[in-house]
Each structure stands twice: as structure tokens, then as C-alpha cells.
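Open the model in your viewer and keep the sequence panel beside it. The stops below say what to select next and what is there.

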Amino acid sequence: MFNYWLAEKVLVFVLFLLVSFWFSRPQAIKAAIKALLVNRIGDCGFLFGILLVFKIFRTLNFDVIFLISPFLKIHSLDFKILGVDFSINYLTLCNFFLLFGICGKSAQLGLHVWLPDAMEGPTPVSALIHAATMVTAGVFLVLRCSFLFEQCPEILSLLMLFGGATVFFGSVVGLTQFDIKKVIAYSTCSQLGYMLVACGCSNYSGAFFHLVNHAFIKALLFLTAGVVIAKLGGEQDIRKMGGLQHSMPLTYVFMLIGSCSLAGFPFLSGYYSKDLILELTNVRICFSGLLVYWLISLSTFLTSFYSFRLVFLVFITKTNIPFTRFYKLQDVSTFVAIPLSILAFLSIFSGYFLFDLFLGIGTDFFQDVFPYKKTETSMELEMIPEYLKLCPTVFSVFGFLLGIYFDHIVRSRPVKKVIRSKTINCALHVDSFYNRGIVMPLLRLALIFCFRMFDKYFLEMFGSKGLFYVLKMVFFSKDPIVGGRTDRLVFISIYLLLMLFILFSLGFF
């Protein structure tokens, strides 16, 4: 577990360097700092969780933790607040802090704000972050710590509810974005929520299955978006695109395949894993399971709608590109088309070929990675009514049809209205709430207490200015008490010892 924490530190540092690749852009530097700070907040919870695990188990070895975790359910932390006794199970507290770290790494609701801004980096960096490295780290932590989470059913319910809320939030905000990369970024938040829902349903193989399928889909979408941005000279506003299906037909096919698979169209990769997660919520016969089922079913409709909205505005609608540039556009080169073709093939067939490997009855694949697996879940899924199994597909098709209607409306409006139309494009004011409710009050407190009182008065008076006045008084004083050389050295030594004592008391060493 400690090695995982160290790897995360390196990963966050590399993320900072990659997002700030365009160092001449102020927004890229701000996005990199924001990603670093928000991940540090998540790391605080992660570190507290690791320390609690070490306090309980006296080791960070996964094998030892998995073996003895069922026998430590009875240990609890007892404390008293205002004369009232409280008792919290150690494992519950440990899992809660780990969940806090997971929300930071995998950009879940509340700590998701760094991920859309991280799109300031190059598009291949975005594909790498969303498909293989940064955002998948939190989900993989849940898989590795599955035995710990299974000892706390209340944390599993919280995990499922939190994932469902993130799925819905990412889908709603994705509807209102006009930046082509931010639309795909919010869909990543949503898809990571699906994985946490599967973990909350104790089906870790299903979460990992969706993680693999999502990697192929998201890499295809981001790289295709990168091709469009590069051909348009860096333009990312989808309102200023359109009509690219004739000049870039191969890119259009790749984007359409990725969007269909992301929306969960039948027999594509996303269909096998996403429908499985929706069915898993029905296996949990409780109010939270039913609530999450209908919440993410509605999100399936929203995902289908904004995915095809993106395709229509970029490729099908009447073009808003200047004609001098539009007639010079060329399709993707063969060198770039080869990896995109491989990703498109996997986005279509990976779900079909890998389903039995990950979720087949009796399979022991990846048993060493996350050894906890409920084999009876596969049998329970067969008992779900057919209409509940068909709901996600119906929602996806309905979102597609509504997207076609939206395309018809856009085609009938003048070009200037399409470009200047305004919608809620502020991600539900989450960033504004953080800035006004948390960041600015903390900066004011830091200005008053840390800068003015501590730095300007305390440290400067006992530090640089204080030392200057002491040396001036000692070496240039005409007072006979401090006139001798020995007296001067003693006086300076006492002052330096006093400074060291203060620094040790404050914890600087």
C-alpha cells in the first residue's frame, strides 16, 4: 500500500508537468496548479487512511491485511464530545478516508474540478490521463482494497450512492459544454462513477471490466478530438465547427464508433459493461440500489444525447468554419489512422471477447489483483425482469433520436444564432462556490493571521530585522555593558539559541 502511495506522488508530479506543457499559456499553468492542489486534498484523506491501516494491522502488506481483516471488525475508536459518548469502527473510519482519497484521484463529485481544467494540456496527454493513468488510480485502489471495503457495508452503500451522484452530475454538465475536450472530460467523470457503483455492489470484476472497455473508448474519442482540433488550427469550440463528415470521413467514422460505444449501443463494448452495472444495482434489494438504478438509467439517456450532440455539431450540421479554411481540410493521415483503427476495433469488440474472461462463472482471471469476488452475483443477474434489462438500451436509443431532433433544430437556425446561443455552461457553479465559499475566506485568514501577524511581526522581529538590530546594537553600541568582545558573543549566542528554540517549538525541524 505504501508503494502505491509513492507511485501516486510520482504520478501527480508527472500530471503537473504534462498539463503545464504549454507553459506560455496562463490557463495551462493555472490548470496544472489546480490539479496539483486538488489531488493534494485527496491525498490527505488517503494518507490518513494508510496511517489508520498501519495502526490497526501493524503492516501495509496486502496479503496480511486481507487475511486478518475479518477478525478486526469489533475494534472501535471511543471518544466523548460534550459529555456524549461516541464509538466509530476503525475499519469504517479507515475506509472512509480511503474513499476520500479515491474521490480526489478519480475526480468524483466534489473533487472533480481539476479534471475539466486539465484539458489545457495536449490532447494525447488527455487521452493518457483519462484512459490509463491518473483517473483510473482511484478505482484500482478500491479493487486492491476490496477486502477492507467488504467489511463495511455502510461504506459500500456510500460508495454506490456517491458513484451514482457523480454519474448523474457528469451527464448533466456534459450537456451544457461547448469545448469538445470538456464534453469528453465530463463523460469520464460519469463513467468513473459507473465503476464505483459496481464496486459498491461488490462486483469488482465488473468494475475492472468497464475500466478496460472505457480505456479503449476514451482513448479513441480523445485522439479523434485531437485530430479535429489540429486540423482546425487549435479551435475547440464545437459551435464553430460543423460539416466535417465530407472533408474528414474517416475521422467521422472513428468519432461515431466511440460515441456509440460510450452511449451503450447494443453489442458494442460499452453495452456489455454498462448494462451489467445497471443490472447489478437491481441485485441489491434496497432503496439505495433502486435509486441508483433509475439515476444512472436517466444518465444513460443524457450520455447518449450529449455524445450524438457532439457528433452532430462537429460533423453533420451546417459548417461554421471559414470557407478559406474549410476547403483546405484533409482527413487523418495513415500514420495516425492505424492506432485509431486499432482503438476503434477494440471499442467495438473488446466487450464481447473479454466478457467471459472477466465475468464468466468460475473464471479466476486477476484473482491475485482483487481476490474478493462474489460468484453468486452472476446467477442473481439472470433473475432480473426483462424490462429492467431493456431500460438502458431504450434510454440510449431515445437519446439518439432526441439528438437527431436537436440536429434538425440546429440546422434550421441561422449560423450566428448557433454561435452566440447561451446555455448554462458553468458546471453548476461548483468552481464559483469553491472560490467564494472556501478559497477567498481562507486567503483572507491567511493574509490576516499568517502574513500580517506571523510573517511581518513575529518572524521578521525575531528573524532578519531582529538579528539586524541586535548586531547593530552589539557592535556599534557605546554602552560599556556590551562593549567587550566576550559579552557580544554571549549576547549573540543567547539570541540564536532563542531563535532555534522558537523554530523547534513551531515544528520547523
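Begin at the end of helix H10: the helix is followed by Ser202, whose phi is positive, near 65°. Before going further, note that this is a predicted model, in which local features need pLDDT of at least 70 and side-chain atom pairs count only at pLDDT 80 or more, while totals for chains, interfaces and linings use all residues. Residues are numbered from 1 along each chain as its sequence is written, and side-chain values use heavy atoms, with hydrogens and water left out.

**The whole chain**

Of the 509 residues, 50% count as buried. Buried means under 20% relative accessible area, exposed over 50%, and partly exposed in between, with a 1.4 Å probe and protein chains only. Among contacts (heavy atoms within 4.5 Å) with a separation of 6 or more, 79% are between residues 24 or more positions apart.

**Helix H10 and its ends**

Select residues 180-200, which form H10. Its 21 residues reach 31 Å from the first C-alpha to the last, close to the 30 Å expected at 1.5 Å a residue; the expected span is 1.5 Å times one less than the number of residues. Since 20 of the 21 residues are buried, H10 is largely enclosed by the rest of the structure.

Now return to Ser202, in the loop between H10 and H11. Is Ser202 buried or exposed? Ser202 is buried, with a relative accessible area of 4%. Most residues other than glycine have a negative phi, but Ser202 has a positive one although it is not a glycine.

Go to Arg58, in the loop between helix H2 (26-57) and helix H3 (62-68). Arg58 is not a glycine either, and its phi is positive at about 60°. Arg58 is exposed, with a relative accessible area of 59%.

**Helices H11 and H16**

Select residues 204-231 for H11 and 334-359 for H16. Their axes are 10 Å apart and meet at an angle of about 170°. Axes are lines fitted to C-alpha atoms, for helices over the stretch in contact, and angles run from 0 to 180 degrees between N-to-C directions.

**Ser171**

Ser171 is in helix H9 (residues 153-175). At 0% relative accessibility, Ser171 counts as buried. Beyond its neighbours within four places in sequence, Ser171 is in contact with Ser190, Ser299, Leu302, Thr303 and Tyr306. Between the side chains of Ser171 and Thr303 there is a polar contact of 3.4 Å.  A polar contact is a pair of N or O atoms within 3.5 Å; within protein, one must be able to donate a hydrogen and the other to accept it, and residues adjacent in sequence count only if both atoms are side-chain atoms.

**Helix H12**

Finish with residues 249-263, helix H12. Eleven of its 15 residues are buried, so H12 is largely enclosed by the rest of the structure. Among the buried residues are Tyr252, Phe254 and Met255. Gly264 follows H12, with a positive phi near 85°.

Note on methods. Helices (H or I, at least four residues) and strands (E, at least two) are DSSP runs, numbered from the N terminus.
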